[in-house]
Amino acid sequence: MFPKPLPELFPNTFDYESLPMVKPTGFREYDARWFFGKELNLMGVQAVGMGLGTLIKRMGVKPEIVTAHDFRSYSSSIKMALVTGLMAAGCKVHDIGLAMSPMAYFAQFELDVPCVAMVTASHNDNGWTGIKMGAQRPVTFGPDEMGQLRDLVLAGDFDLSGGGSYQFVPDFPARYIADLTNRPKIKRKLKVIAACGNGTAGAFAPQILEALGCEVIPMDAELDHTFPRYNPNPEDMKMLHAMADAVKQHGADVALGFDGDGDRCGVVDNHGEEIFADKIGVMLARDLGRLNPGAQFVVDVKSTGLFSTDPELQRLGVKTDYWKTGHSYIKRRVRDLNALAGFEKSGHFFFNAPVGRGYDDGVVTAIAVIDMLDRNPDKSMAELYAAVPKTWGTPTMAAKCADEIKYGVSDKVTKRIEAMKAAGDKIAGQAIRDVITVNGVRVVNEDGTWGLVRASSNKPELVVVCESPVSEARMREMFKAIDGVLRENPEVGAYNQTI
């Protein structure tokens, strides 16, 4: 009988080495994230594996699963603890070793295996770990499955039938690389910065882009799990600024930046201007919309309003659905609507056939950007960007707020803004035109300026994003107003970055 997990234990004690510790808040909306050692120990990881294996069988899915891990000092040991739990629950494990998250998703197709468990903390700081899971390719778990998994694990409700097995899949990266490079090379001569932040993508992305015909300048591509310069996160201004400096230094056509587990991509143009991922989404929607008139796209609520108002997208007759932020939500919505692509402001992009298989892959996104440039040989990245109507937007800003209370605070902010609209109150000096509550609250002024507050799904934070199609001053007014509502809640702390 495996012990029932406890929410808290203390390192360097007998109990810590003898009992599983799993903090309940680690089960997020669409994946799992814990601070390793303080919120989760290795026996706790075993318990999560037992719970996942139990859930897979109760879902009626064949108990076979792909496992992989990202490049952190502790990820391999966490994966092997997870594997022992999966095997105890009767799962056949296909381990592809060190990999980016999209390589694990690809393995579900390539190896014809229904389930996946990728050990990664993505772009989170060192110390964090997590698991991205799925049992129905190409989608990953959403709130229902994560809730069921949490309840199974915390209750110790395991079906430990045994009979599982372990198989290591040798040389799997070569199969992934071949899948992306078995196509014609680009015709255009492009100099590309491949920025990897010393994360997992450094082992794979530069050689893939080179095989496609690009002149590649690797940047921080050496694997180093201390992340000596900055966290590999293409939403982080520190990484984007480093990419911009590299573009100017090398006279590159574009910089493509990958996050820690390689499922996201950020872009800097040939002038060294950072282009937020939602604007890259608009550019790709224009490019793909010309090839597929009337195409359906999905975007998250943090994204620019241009997906609704851009005259070129309107001319092409494309349709855009605004949906909940989160890779599992957008992935599922892309599948359900049979959309050509889904775009998240975070840089998670999901392409259906003929571009991709429906899951998020930062390298596939990079290839889509390169193909867009190849289809427009007389235009630079900056010129393609300049053709998109200008808006003024903030980066994604995150204010500290404990996991236990962040959803409650988000609900209070939502109710406050709904009450303001009902009372006819103004926000940022204008009447409120719309209040969108599909995920947190997005409040829109009459002139199209908007602000968003939502609870982060993977960190103890509240996320704030603002944009104006009118001016930088209007964007700043909206941020001041949104921040004012947020600061009515003293539990909310400082931002990780701000304007």
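Analyst: Arg416 is partly exposed, with a relative accessible area of 35%; on this scale, buried means under 20%, exposed over 50% and partly exposed in between, using a 1.4 Å probe and protein chains only. The model is predicted, so local features require pLDDT of at least 70 and side-chain atom pairs count only at pLDDT 80 or more, whereas totals for chains, interfaces and linings use all residues. Residues are numbered from 1 along each chain as its sequence is written, and side-chain values use heavy atoms, leaving out hydrogens and water.

The partner of Arg416 is Glu488, and the closest N and O atoms of this salt bridge are 2.9 Å apart; the term requires a side-chain nitrogen of Lys or Arg within 4 Å of a carboxyl oxygen of Asp or Glu. Arg416 belongs to helix α15 (residues 406-422) and Glu488 to the segment after α16 (472-486), so the pair ties together parts that are 72 residues apart in sequence. Helices (H or I, at least four residues) and strands (E, at least two) are DSSP runs, numbered from the N terminus. Glu488 is also partly exposed, at a relative accessible area of 44%.

The whole structure holds 39 salt bridges. One of them joins Glu39 to Lys23, with their closest N and O atoms 3.6 Å apart. Lys23 lies in the loop between α1 (14-18) and β1 (32-35), and Glu39 in the loop between β1 and α2 (42-58), so this pair connects parts 16 residues apart in sequence. Glu39 counts as buried at 12% relative accessibility, whereas Lys23 counts as partly exposed at 22%. Asp278 and Lys345 form another salt bridge, at 3.7 Å between the closest N and O atoms. Here Asp278 in helix α9 (residues 277-291) is linked to Lys345 in the loop between β14 (341-343) and β15 (349-351), 67 residues apart. Both of these residues, Asp278 and Lys345, are buried.

Asp374, in helix α13 (residues 362-375), is buried yet has no salt bridge; Lys187, the nearest side chain of opposite charge, is 4.9 Å away. The side chain of Asp374 instead reaches the backbone nitrogen of Arg188 at 2.9 Å.

The aromatic side chains form 15 pairs, defined by ring centres within 6.5 Å for Phe, Tyr and Trp (its six-membered ring), with planes under 30 degrees apart counted as stacked, over 60 as edge-to-face and the rest as tilted. Phe106 and Phe172 form a tilted pair, 5.8 Å centre to centre and with 45° between the planes. Phe106 in helix α4 (residues 101-110) and Phe172 in helix α6 (residues 172-181) are 66 residues apart. Phe106 also pairs with Tyr176: the ring centres are 5.9 Å apart and the planes at 65°, so the arrangement is edge-to-face. Phe106 is buried, at a relative accessible area of 1%, and Tyr176 is buried at 1%. A separate group, Phe297, Phe307, Phe343, Phe349 and Phe351, forms one aromatic cluster.

Technical notes:
Lys, Arg positive; Asp, Glu negative; His and termini not counted. Polar contact = N/O pair within 3.5 Å; in protein donor to acceptor, adjacent residues only side chain to side chain.
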